[in-house]
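Please look over the sequence and the structure below before reading on. The paragraphs that follow go through a few places one at a time.

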Amino acid sequence: IWSAGCSSGEEPYSITSVILGKMASMSHWDIRILATDLDTNMLQKGRAGIYEKSSIEKIPDTYKQAFSEITTLKKDVFHIKQKAKNLVSFNQLNLLHKWPMKRKFDAIFCRNVLIYFDGPTKETLVRRYSDMLMPGGLLFLGHSESLAIPTPGLSLIGRTSYIKES
């Protein structure tokens, strides 16, 4: 799984929380989350895994239980537990430059990132994301984002969710 434009890491840890909450045993799975961002300060915050308590107050109760399994609350901050940190790799990446990844992804989260680019750059990035997905892989955009024109190889399966055709 790739969280492109992960900012300070809340998204990849939320993904981790859902995965750990849904899987009874992970011993047979090779699960890794790549978290990339341009801002090295945000990546440092993500690696540290320490967040204000207020940032989880809006999480629906159905997800809070899974999230509490990967965190420890200390005063007004919560710390991401090591078992969750072990699944996430934080790396700097400029989306407009060459991408070093060789393996394809089952899912790419690019939420609230495309809004910072012009139309042609968005189209280029989405094509590149599509190329990085396994057949049947999923691309998730932010709720304020959508693809203005159809992208070959991607089919809309939700308001801002796409699946890579095989």
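Asn112 sits in the loop that runs between strand E7 and helix H5, the latter spanning residues 119–131. The model shown here is a predicted one. The backbone at Asn112 has a phi near 60°, which is a positive value in a residue other than glycine. Most residues other than glycine have a negative phi. How accessible is Asn112? Its relative accessibility is 36%, so Asn112 counts as partly exposed; the range for that class lies between the limit for buried, under 20%, and the limit for exposed, over 50%.

Ser144 belongs to the loop between strand E8 (133–141) and strand E9 (154–156). Along the sequence, Ser144 and Asn112 are 32 residues apart, while in space their C-alpha atoms are 7.1 Å apart. Which residues does Ser144 touch, once its neighbours within four places in sequence are left aside? Ser144 is in contact with Asn112 and Ile115. Ser144 counts as exposed because its relative accessibility is 55%, and the cut-off for exposed is over 50%.

Lys75 lies in the loop between strand E4 (71–74) and strand E5 (77–80). Phi of Lys75 is near 60°, again a positive value in a residue other than glycine. Lys75 has a relative accessible area of 80%, and is therefore exposed.

Ser130 is part of helix H5. Is Ser130 buried or exposed? Ser130 has a relative accessibility of 4% and so counts as buried, since the limit for buried is under 20%. Apart from its neighbours within four places in sequence, Ser130 is in contact with Pro152, Leu154 and Lys164.

The last stop is the largest pocket. Its volume is about 660 Å³, and 22 residues line it. Of these, Ile1, Asp30, Arg32, Lys104 and Phe105 lie nearest the centre of the pocket. What classes of residue make up the lining of the largest pocket? Sorted by class, the lining has 12 nonpolar residues, 6 charged residues and 4 polar residues.

Notes
Residues numbered from 1 in each chain as written. Predicted model: local features only at pLDDT ≥ 70, side-chain atom pairs only at ≥ 80, totals over all residues. Heavy atoms only, no water. 1 Å grid on protein atoms, 1.4 Å probe; cavity = no way out; pocket = protein on both sides within 12 Å on 5 of 7 lines; lining within 4 Å. Points joined across faces, edges and corners; volume = space filled by probe spheres on them. Nonpolar A, V, L, I, M, F, W, Y, C, P; charged D, E, K, R; others polar. Helix = DSSP H or I, 4+ residues; strand = E, 2+ residues; numbered from the N terminus. Buried < 20%, exposed > 50% of the residue type's maximum accessible area, 1.4 Å probe, protein only. Contact = heavy atoms within 4.5 Å.
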